[in-house]
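Subject: Model handover

Dear colleague,

Here is the structure you asked to have passed on.

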Amino acid sequence: MILQSMTGFARAAAENDGTAIAWEVKSVNGKSAEVRLRLPPGYERLEAAARQAVQKRFSRGNFQATLTVGRTGGAMVQPVVNEAFLRDVAELANRLVEQFGAAPASADGLLALRGVFDVPEAVETEEERAAIDAAILACLDASLAGLEQARCAEGEALRALLSGHVAAIETLTLRAEADPSREPAAIRQRLADQVRLLLDASSALDEGRLNMEAAFLATKADIREEIDRLKTHVASARGLLAGGGAIGRKLDFLAQEFNRESNTLCSKANAASVTAIGLELKAVVDQFREQVQNLE
């Protein structure tokens with residue numbers, strides 16, 4: 001399945017019987033599918049259908065959709081001039097000039113008077129309204145298809161990036177597993193050296209008890225469990241990335257698990273080399289988690 005990012009932008013335009021229609025849609029990261037609509041006055045009736053169209057196609061993201069509707073050049077409504085009223089007003093303006101020396105009236109000033117110039121609203125029949133509504137929703141669907149395509153393109157790029165992070169996590173896990181400090185001989189030598197230092201410091205210490213305590217601490221410091229869990233999480237992440245779909249939340253959970261295991265590995269490490277691997281692992285996990293936030 002395709003992997004989707006939560007960010008994208010698309011625009012679609014259409015024309016229906018002299019009406020120009022355009023939708024602009026964009027999305028950013030979000031916990032669920034939240035939709036904000038900007039509709040021209042008179043088109044609020046389409047809000048429920050438009051919101052449903054977005055939420056039916058996408059499962060996560062903050063969406064903003066803006067609709068613009070206008071008349072094409074050949075379908076402009078003709079203005080109406082009340083010529084009789086305009087003539088009366090013009091004659092009155094001329095008398096004011098002659099009798100009182102008032103400034104002559106301008107044409108645009110006369111046309112701006114209420115009742116002289118008017119652009120009537122177009123009257124739509126029920127059939128015309130249904131047709132324009134259908135055209136607007138069809139244009140919205142086209143813009144959402146473009147948005148989905150943009151999100152999928154970015155999602156595929158994220159798949160490659162996240163796969164690289166998972167590969168790096170696996171490599172570091174295997175390095176920690178194969179680190180020479182984890183060899184039984186190295187562990188025995190390190191424990192022997194520590195016991196010897198303590199005995200040299202105080203002859204009153206019991207050598208047998210020291211050996212038992214050292215063995216106990218060595219067991220607590222073993223990172224076998226963390227390595228096994230990291231390998232399991234790597235396999236799970238690869239399975240999710242290969243399957244695709246809306247896997248953002250699942251990968252975010254895995255990112256938290258990766259972080260938990262890398263923290264424990266660092267705290268239990270009893271060699272500088274393993275600590276260095278753990279710190280590098282934490283950096284890669286942070287990068288992985290940051291990118292996962294962009295996935296649907």
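A salt bridge here is a side-chain nitrogen of Lys or Arg within 4 Å of a carboxyl oxygen of Asp or Glu. This is a predicted model, in which local features need pLDDT of at least 70 and side-chain atom pairs count only at pLDDT 80 or more, while totals for chains, interfaces and linings use all residues. Residues are numbered from 1 along each chain as its sequence is written, and side-chain values use heavy atoms, with hydrogens and water left out.

Salt bridges

Side chains of opposite charge can pair when their charged atoms come close. By the rule above, the count is 18 salt bridges. One of them joins arginine 151 to glutamate 296, with 3.1 Å between the closest N and O atoms. Arginine 151 sits in helix α4 (residues 126–177) and glutamate 296 in the segment after α9 (272–292), so this pair ties together parts 145 residues apart in sequence. Helices (H or I, at least four residues) and strands (E, at least two) are DSSP runs, numbered from the N terminus. Arginine 151 and glutamate 296 are both buried; buried means under 20% relative accessible area, exposed over 50%, and partly exposed in between (1.4 Å probe, protein chains only).

Glutamate 177 has two partners to report. Glutamate 177 is partly exposed, at 23% relative accessible area, and arginine 224 is partly exposed at 28%. The salt bridge from glutamate 177 to lysine 231 has its closest N and O atoms 2.9 Å apart. Here too the link runs from helix α4 to helix α7, with the two residues 54 apart. Lysine 231 is partly exposed at 34% relative accessibility.

There is also a network of salt bridges, made up of Glu225, Glu226, Arg229, Glu261 and Lys268.

The sheet

Four strands make an open sheet with mixed pairing, in the order β1-β2-β4-β3; two strands pair if DSSP finds at least two bridges between them. β1 (8–16) and β3 (33–38) are the edge strands with a single partner each, so one side of each has no neighbour in the sheet. From one strand to the next the twist averages 15°. β3 and β4 (residues 61–71) run parallel and are joined by six bridges, and alanine 33 has glycine 61 in β4 as its bridge partner.

Two single residues

Most residues other than glycine have a negative phi, and most peptide bonds are trans. Aspartate 17, which is not a glycine, has a positive phi of about 50°. Aspartate 17 is placed in the loop between β1 and β2 and is exposed, with 67% relative accessible area.

Serine 5 is in the segment before β1 and is buried, at 0% relative accessibility. Its side chain reaches the backbone nitrogen of threonine 7 at 3.1 Å. The side chains of serine 5 and glutamate 154 are joined by a polar contact of 3.4 Å. A polar contact is a pair of N or O atoms within 3.5 Å; within protein, one must be able to donate a hydrogen and the other to accept it, and residues adjacent in sequence count only if both atoms are side-chain atoms. Leaving out residues up to four places away in sequence, serine 5 touches (heavy atoms within 4.5 Å) Arg151, Glu154, Gly155, Leu158, Asn294, Leu295 and Glu296.

Regards

Methods: Axes fitted to C-alpha atoms, helices over the stretch in contact; angles between N-to-C directions.
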